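Here's a structure to walk through together. Take a look at it, and then we'll go piece by piece.

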Amino acid sequence: MILVVDVGNTRIKGAVFEDAILFEIFVFSKMELQKNIENILKKFEKITDLVVSSVGDVEKQSFSAYNKVLNVHFLSHEDPFPFYNCYATPKTLGIDRMVLAAGATLEFPNQNRLVIDAGTCVTYDFIDQENNYLGGAIAPGLRLRYEALHNFTAKLPLLSLESPKDFIGTSTSESIHSGVVNGFVYEIDGFIDEYKARYSNFIIILTGGDTDFLAKRLKNTIFANSNFLLESLNQTFQYKIKND
Ligand SMILES: Nc1ncnc2c1ncn2[C@@H]1O[C@H](COP(=O)(O)OP(=O)(O)OP(=O)(O)O)[C@@H](O)[C@H]1O
Ligand SMILES: CC(C)(CO)[C@@H](O)C(=O)NCCC(=O)O
Ligand SMILES: [K+]
């Protein structure tokens, strides 16, 4: 049994797996990291391995205490991945993007794949059918857009995510919701259309904290799976065991 931990920029997610079976998911803040891991280990005594991917400011040392009781795997660029990394700066590629690309490669063999992770940032990652990781894009996520409008202006309130009534916003709130939500949806559909113009066939995986909100608003057909990063962590680990 393994515990995978995804340290994002906003929150931390953990999941317990035995082979391909997901037992439970945990979501917590950086402050509660220690306490949560201890509780999970108590609840699932069969856990032997801890697999971590961190793009947040939680470093490898934060997990070294568990070395005594578990095998700790803090994933990095040095680990084996099932694709050829064609990124011009492979060492600066986010480990979360690498794990997503690994999951897409292993779960959807022999096809072009586009992974869209709508989290703190929205990232696009494209892996072609020959398993070349080509790159993609990084843009502000939904919540970040609301926050940026508020933080960098004098007059705009901080709103929480809401569906715009129409693309023509008839008040300050409606204008912000239209700009943020419609803008985000147009942008994602626009990116997908660009990929379609270059590649006739590919599958699209949508994941991240805004998956459910976005899935029903996109015009393109996608696999929506908010747990894709956690599942990909499990797959990346299985691949590492076989290929290290
Ligand atoms: N409870 C929540 N806390 C924070 N964000 C949430 C929550 N529920 C949904 N969201 C949405 O999820 C997005 C953040 O995504 P997510 O939680 O995947 O980020 P993260 O954990 O920081 O991961 P990453 O850094 O990998 O993107 C925000 O844009 C927000 O709208
Ligand atoms: C883009 C984020 C913040 C998304 O979580 C992360 O993947 C990251 O810090 N990436 C480093 C830059 C890059 O991927 O090229
Ligand atoms: K993300």
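Is Thr10 buried, exposed or partly exposed? Keep in mind that what you're looking at is a predicted model. To call a residue buried, you need 20 or more other C-beta atoms within 10 Å of its own, while 12 or fewer make it exposed. Thr10 has 14 C-beta neighbours inside 10 Å, so it counts as partly exposed. You'll find Thr10 in the loop between strand 1 (2–7) and strand 2 (12–18).

Now hop over to Thr120. This one also lies in a loop, running between strand 7 (113–118) and strand 8 (121–127). Thr120 has 20 other C-beta atoms within 10 Å, so it is buried. And what does Thr120 touch, once you set aside its neighbours within four places in sequence? The answer is Gly8, Asn9, Thr10, Gly141 and Leu144.

In an unreviewed entry, UniProt lists Asp6, Val7, Gly8, Asn9, Thr10, Arg11, Ile12, Lys13 and Thr120 under "binding site". These positions span 115 residues in sequence, yet no two of their C-alpha atoms are more than 13.4 Å apart, so they gather at one spot.

Next, have a look at ligand 1. There are 16 residues around ligand 1, and those that come nearest are Gly8, Thr10, Gly119, Arg143 and Gly209. Two of these, Gly8 and Thr10, are also on the UniProt list. Sorted by class, the shell around ligand 1 holds 4 nonpolar, 8 polar and 4 charged residues.

Where does that shell come from? The protein is divided into domain 1 (2–74) and domain 2 (84–233), and each of them supplies at least three residues to the shell around ligand 1.

Let's finish with how the two domains meet. Their centres, taken over C-alpha atoms, are 25 Å apart. The contact takes 13 residues from domain 1 and 10 residues from domain 2. On the domain 1 side, the elements that give two or more residues are strand 1, strand 2, strand 3 (21–28) and strand 4 (49–54). Strand 4 gives the most, with 3 residues. By class, this side of domain 1 has 6 nonpolar, 5 polar and 2 charged residues.

Terms used: Residues are numbered from 1 along each chain as its sequence is written. Chains are lettered from A and ligands numbered from 1 in the order in which they are written. This is a predicted model: local features need pLDDT of at least 70, side-chain atom pairs count only at pLDDT 80 or more; totals for chains, interfaces and linings use all residues. A residue is near a molecule or strand if its C-beta atom, placed from the backbone, lies within 6 Å of it. Ala, Val, Leu, Ile, Met, Phe, Trp, Tyr, Cys and Pro count as nonpolar, Asp, Glu, Lys and Arg as charged, and the others, Gly among them, as polar. Domain bounds come from an automatic or database domain assignment. UniProt positions are given in the numbering used here, feature names are shortened, and annotations may be inferred rather than shown by experiment. Helices (H or I, at least four residues) and strands (E, at least two) are DSSP runs, numbered from the N terminus. Two residues are in contact if their C-beta atoms, placed from the backbone, lie within 7 Å.
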